[in-house]
Amino acid sequence: MGNAPHRCVAALSVGWLLALSVTAGAAGCASTEYVNEGPGQPTPRASGSLPPGSVGVCKQPLTKRPPIVSEELWAHAKPCTSRTPPSTIRLGYAKDGSAGADPETEQLVEKVLAALAEGTKPDGGNNQVTGAIRAVRSYAARKDELRARIARDSASDQACDVTYLLNTMSAARSKLSGGDACTAEVFDPETRADACLFDTKRPEGLWLSSGWSCMTFTGALGNEASCHQLCGYDDYCARQVYCAAGDVNLLLCALGVCLPEPSAGIK
């Protein structure tokens, strides 16, 4: 916004109109006046509110920072309230006790992170991850905030090949992103810019979230890459999406990154 011109209107008589038809002159204002309309409203990004197309985050009150989440983003995230939009990603774990004192949850998170650290290994890695999934399912069945995220087909006879799925996706995602380590960006309300959701120094979180765009529908996060692209156009990998996506969503939430839409599928 700026100074808008205030135009003057000249009242012309019939005589003047006749004169104008003969001469090349024109009637008008001697000068243009400008009215100061002020700076206008700041853009959503400049004001610190969530801009269109970005994904917001908030932190659950009385919880600890998830180990896989960036320290800076955690410090900048505002507390979740009843007015927080449902599309916002909720951060935080160990919620039950005062100031996040919840030994059972903390032990579970340590167990899952240890399993994920071994999960990339083709030999035995999948057993580590599926063992962690079973532990999280058992824990989630007793927690109201996690129970709804337990996959309906979690009792299938054949274990999902999570290691193959995420290893394949990690390699393809790295190529698609030009080697950028960040697997998901969200809006940081303090810096007023997009920031990496995950701590890039923690490979467990990056590996687990490498198939973000097709396994978790959260709008702007990685929506340029389809499941087939992230699977390197490997049909076996794509089939594992249906098998493992719900459990990956549950694992992320158990680790303190609760996505707004626990749904998945191939786009």
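**View 1. Cys231 and Cys237 form a left-handed disulfide.** The torsion about their S-S bond is about -65°, so the link counts as left-handed. This model is predicted. The two sulfur atoms sit 2.2 Å apart. Cys231 is buried, and Cys237 is too.

**View 2. Asp234 caps the N-terminal end of helix α11.** One of the side-chain oxygens of Asp234 lies 2.9 Å from the backbone nitrogen of Tyr236. The helix covers residues 235–254, 20 residues in total. From first C-alpha to last, α11 reaches 29 Å. That is close to the expected 28 Å.

**View 3. Helix α11 bends at Ala244.** The bend is about 55°. Much of this helix is hidden: 14 of its 20 residues are buried.

**View 4. Cys253 and Cys258 are joined by a disulfide.** Their sulfur atoms are 2.0 Å apart. The angle about the S-S bond is 80°, and the link is right-handed. Both Cys253 and Cys258 are buried. Gly256, which follows α11, has a positive phi, near 100°.

**View 5. A disulfide links Cys58 to Cys80.** The S to S distance is 1.9 Å. With 95° about the S-S bond, this link is right-handed. Cys58 lies in strand β3 and Cys80 in the loop between β4 and β5, so the pair ties together parts 22 residues apart in sequence. Both Cys58 and Cys80 are buried. How many disulfides does a search of the whole structure find? The search finds 5.

Conventions
Residues are numbered from 1 along each chain as its sequence is written. This is a predicted model: local features need pLDDT of at least 70, side-chain atom pairs count only at pLDDT 80 or more; totals for chains, interfaces and linings use all residues. Side-chain values use heavy atoms; hydrogens and water are left out. Helices (H or I, at least four residues) and strands (E, at least two) are DSSP runs, numbered from the N terminus. The expected span of a helix is 1.5 Å times one less than its number of residues. The bend at a residue is the angle between axes fitted to the seven residues ending there and the seven starting there. Buried means under 20% relative accessible area, exposed over 50%, partly exposed in between (1.4 Å probe, protein chains only). A polar contact is a pair of N or O atoms within 3.5 Å; within protein, one must be able to donate a hydrogen and the other to accept it, and residues adjacent in sequence count only if both atoms are side-chain atoms. A disulfide is a pair of cysteine sulfur atoms within 2.5 Å.
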